[in-house]
Amino acid sequence: MLLPSLAVLVGLALLVWSADRFVDGASATAGHYSVPPLLVGMLIVGFGTSAPEMVVSTLAASQGNPGLALGNAWGSNIVNIALILGITALISPIIVHSMILRKELPILAAVTALSAYLVWDGEISRLDAWVLLAVFGVLVTWSIVEGMRSGSDTLAAETATELKEHAMSLKLALMWLVLGLVVLVLSSRLLVWGAVAIAQSLGVSDLIIGLTVVAVGTSLPELASCIAAARKGEHDLALGNILGSNLFNTLAVVGIAGAIAPISIGADSITRDLPVMIGLTLVLFVMGWGLRGRQGRINRWEAGVLVAAYLAYTGWLLSTITPA
């Protein structure tokens, strides 16, 4: 247990570091090639912070651990909404200004509903996986077209400010981009090995390890970026990170893992984890969209409810563990 535990700790630390370097390098590189700030904020930053989930889940699926891949994706979505947005809004209440994000909120709800429909038969087949990937491709294309068509937007302004604060030469940006990607892959391999070894030693499923330790660990880049954005008053950038990440996890991460190896889903996941993810997504939609004239926001009271919900879910999850 000592060596696998050390592998998980070192893997997570390197994963967080490399993901941060990768996003910084990718964002700066995009800036040098005149990519609009709005697209950088929506695609590179939002999806880039999900790079750990993508690499970890891809490796897990290719090595015959699809439960770890699914748990990582669904668990990260739950962590992102309940824990990360909750902690971020406790530090600085989030107010939604961006019209782009208001459009993405119902899209995330619809994508989550699609995912629930596809897994209701207890399996993510290769056909299901390709459906998810096709929808992901359509959404990326829509984001690019919508971003190019839109004029000024709060998300674009906040991203432009971030790019100026982290300006770097093209050579340095490319170096961080490549180095971040290489370390990301290597640290993910280390993390997956350690997580699987721990699961086998404790006699618990890969899914449980994916929903807990791995999900929280791979979501740390989102936590760091959201807190940093919220402390600067860049609320739309903080929410944009979560929306982009959850869309990426639900469609691309699960889609890639399912395309590599079909994923069998237990009844407990469908009756426990899936409803929690759906419920939190709907809560985020209501809070972020704003109903009856109320501006979209997450205040400190609502943030406290989100964090409490995550703690309750984690307690429920841990109570189901019965070591062999």
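The following exercises, each with a worked solution, concern a predicted model.

Residues are numbered from 1 along each chain as its sequence is written, and side-chain values use heavy atoms, with hydrogens and water left out. In this predicted model, local features need pLDDT of at least 70 and side-chain atom pairs count only at pLDDT 80 or more, while totals for chains, interfaces and linings use all residues.

**Exercise 1. Salt bridges**

*Solution.* Step 1 is the rule: a salt bridge is a side-chain nitrogen of Lys or Arg within 4 Å of a carboxyl oxygen of Asp or Glu. Side chains of opposite charge can pair when their charged atoms come close.

Step 2 concerns Arg21, which pairs with Asp24; their closest N and O atoms are 3.6 Å apart. Because they are 3 residues apart in helix 1, Arg21 and Asp24 are separated by about one helical turn. Helices are DSSP runs (H or I, at least four residues), numbered from the N terminus. For accessibility, buried means under 20% relative accessible area, exposed over 50%, and partly exposed in between (1.4 Å probe, protein chains only). Arg21 has 18% relative accessibility and therefore counts as buried, whereas Asp24, at 22%, counts as partly exposed.

Step 3 turns to Arg272. Asp268 forms a salt bridge with Arg272, with 3.9 Å between the closest N and O atoms; for Asp273 and Arg272 the corresponding distance is 2.7 Å. Asp268 and Arg272 both lie in helix 12 (residues 267–289), 4 residues apart, about one turn of the helix.

Asp268 is partly exposed because its relative accessibility is 39%. Arg272 is buried, with a relative accessible area of 6%, and Asp273 is buried at 0%.

**Exercise 2. The nonpolar surface patch**

Identify which helices supply at least two residues each to the nonpolar patch.

*Solution.* Step 1 is the definition: patches are made of residues with over 30% relative accessible area and no salt bridge, where nonpolar side chains (Val, Leu, Ile, Met, Phe, Trp, Tyr) are joined within 5 Å and like charges within 9 Å.

Step 2 lists the members, Leu3, Leu6, Val10, Leu14, Leu190 and Trp193, which together have about 530 Å² of accessible area. Such areas come from the Shrake-Rupley method with a 1.4 Å probe, and for residues only the protein chains shown count as cover.

Step 3 assigns them: helix 1 (2–32) and helix 8 (170–202) each supply at least two residues. The largest share, 4 residues, comes from helix 1. Leu14 is found in helix 1 and, at 37% relative accessibility, counts as partly exposed.
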